[in-house]
Amino acid sequence: MSLQDDLTAVRRNLNELVRSVERLEKDVARQTPAASRPPGETGMISVPDTPYDSSLWTDSDDEGLGARDRRAP
């Protein structure tokens, strides 16, 4: 296969990918109408970079190790 054939195949595949993404975007837009979402909501949840409050973990058990005041089996 020549370089020209490879480039033609890449262009064809790229065009098909673009068409597939456009169809997917249209399908998603039809299934989740913008009117059902509150204004400004993108559906994504942001996770802050700030550390969590350590008091959230004061009474928690270590996963897989059991309670702090008992011995593991």
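## Basis of the values

Because the model is predicted, local features need pLDDT of at least 70 and side-chain atom pairs count only at pLDDT 80 or more, whereas totals for chains, interfaces and linings use all residues. Residues are numbered from 1 along each chain as its sequence is written, and side-chain values use heavy atoms, with hydrogens and water left out.

## Fold and overall exposure

The secondary structure of the protein chain comes to one helix and zero strands, where helices (H or I, at least four residues) and strands (E, at least two) are DSSP runs numbered from the N terminus. Helix 1 covers residues 3–31 and contains Leu17.

Of the 73 residues in the protein chain, 3% count as buried; here buried means under 20% relative accessible area, exposed means over 50%, and partly exposed lies in between, with a 1.4 Å probe and protein chains only. The accessible surface of the chain comes to about 7,400 Å², and carbon and sulfur atoms account for 57% of that area, as computed by the Shrake-Rupley method with a 1.4 Å probe, where for residues only the protein chains shown count as cover.

## Nonpolar patch

Leu14, Leu17, Val18 and Val21 make a nonpolar surface patch of about 330 Å². Patches consist of residues with over 30% relative accessible area and no salt bridge, with like charges joined within 9 Å and nonpolar side chains (Val, Leu, Ile, Met, Phe, Trp, Tyr) within 5 Å.

## Salt bridges

Side chains of opposite charge can pair when their charged atoms come close. With a salt bridge taken as a side-chain nitrogen of Lys or Arg within 4 Å of a carboxyl oxygen of Asp or Glu, the count comes to three.

A network of salt bridges links Glu16, Arg19 and Arg23. Glu16 pairs with Arg19, their closest N and O atoms being 3.0 Å apart, and these two residues are separated by about one helical turn because they lie three residues apart in helix 1. Glu16 also meets Arg23 in a salt bridge of 3.6 Å, N to O. In relative accessible area, Glu16 is partly exposed at 35%, Arg19 is partly exposed at 40%, and Arg23 is partly exposed at 45%.

Asp27 forms a salt bridge with Arg30, with the closest N and O atoms 2.2 Å apart. Asp27 and Arg30 are three residues apart in helix 1, so about one helical turn separates them. Asp27 counts as partly exposed at 33% relative accessibility, whereas Arg30 counts as exposed at 59%.
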